[in-house]
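Work through the exercises below with the model open. Try each task before reading its solution.

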Amino acid sequence: MSLSTTTGFRLLPGRLSPEAQSELLEEVQARVETAPFVHQVTPGGKPMSVAMTSFGPLGWTTDAAGYRYEPRHPTTGEPWPDIPQVLLDLWSELADPLVPPDACLINFYNAEARMSLHQDRDEADLRFPVLSVSLGDTAVFRIGGTKRTDPTSSVKLSSGDVCLLAGEARLFHHGVDRILPGSSRLIPGGGRINLTLRRASPLT
Ligand code: SIN
Ligand code: FE2
């Protein structure tokens, strides 16, 4: 089945060259010095296996009070670092040339981390896509439909791959079953970084 033509899920394998991946990794590492990865807690009280931070005006946050976007890092209290230009350029090319993203969630997966099936629906205006960039170890990504019970497909996301949840696929359930340790040498010590660009706040 061709996911890309039928559903609004667009996968661009190897969209970032190895050099571009290394450069983006450096940009991430520089920002993580002041905005460290945090294992946030779900509203139900469970620490997430994926460690997270954010770039941009808003960052996705979860704690006992629920899921939401916040302008400051949950532990440092500082504003989030800026979104790297290469990501703003990708958004402009693939998502929306006029309205920039205002949130970039960065997920770090170690060998044990996974993310259960969910929808991205904390953003105010779901007409904007979610644009995802993968770095490091390959993920076994799962994507289904708008209903939780819809059939799902498994898609491997490798370092340098870019994908979009757009249009009909914007509210498709998705998650990460596991990562494949040792599948990339990009990140020292291994692991996977996923960056998702979003438009979180409404247009004014
Ligand atoms: C997410 O849904 O936030 C992450 C998806 C991914 O890690 O590829
Ligand atoms: Fe998501």
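The model is a predicted one.

**Exercise 1.** Find which residues of helix 3 are buried, and what they pack against.

*Solution.* 
- Step 1. Go to residues 85-94, which form helix 3. Apply the cut-off: buried means under 20% relative accessible area. Leu87, Leu90, Trp91 and Leu94 are buried.
- Step 2. Check where they point. They cover an arc of only 100° around the axis, so they sit on the same side of helix 3. An α-helix has 3.6 residues a turn, so residues three or four places apart point the same way.
- Step 3. List the partners. The buried residues of helix 3 pack against helix 2 (18-32). They also pack against strand 1 (9-12), strand 5 (103-109), strand 7 (130-136), strand 10 (162-165) and strand 12 (192-198).

**Exercise 2.** Describe how strand 3 is joined to strand 4.

*Solution.* 
- Step 1. Take residues 59-63 as strand 3 and residues 66-70 as strand 4. The two run antiparallel, with five bridges between them.
- Step 2. Pick out a facing pair. Trp60 stands opposite Tyr69 in strand 4.

**Exercise 3.** Characterise the largest pocket and its lining.

*Solution.* 
- Step 1. Start with volume: about 680 Å³.
- Step 2. Locate the centre. Of the 35 lining residues, Met48, Trp60, Met115, Ser116 and His118 are the closest to it.
- Step 3. Assign the lining to strands. Strand 5, strand 6 (115-118), strand 7, strand 10, strand 11 (174-179) and strand 12 each supply at least two residues.
- Step 4. Sort by type. The lining divides into 16 nonpolar, 11 polar and eight charged residues.

Methods
Residues are numbered from 1 along each chain as its sequence is written. Chains are lettered from A and ligands numbered from 1 in the order in which they are written. This is a predicted model: local features need pLDDT of at least 70, side-chain atom pairs count only at pLDDT 80 or more; totals for chains, interfaces and linings use all residues. Side-chain values use heavy atoms; hydrogens and water are left out. Buried means under 20% relative accessible area, exposed over 50%, partly exposed in between (1.4 Å probe, protein chains only). Helices (H or I, at least four residues) and strands (E, at least two) are DSSP runs, numbered from the N terminus. The arc is that of the directions from the helix axis to the C-beta atoms. Contact means heavy atoms within 4.5 Å. Two strands pair if DSSP finds at least two bridges between them. On a 1 Å grid over the protein atoms alone, a cavity is a set of points where a 1.4 Å probe fits but cannot get out, and a pocket is an open set with protein on both sides within 12 Å along at least five of seven lines; lining residues have an atom within 4 Å of a point. Grid points are joined across faces, edges and corners, and a volume is the space filled by probe spheres set on the points. Ala, Val, Leu, Ile, Met, Phe, Trp, Tyr, Cys and Pro count as nonpolar, Asp, Glu, Lys and Arg as charged, and the others, Gly among them, as polar.
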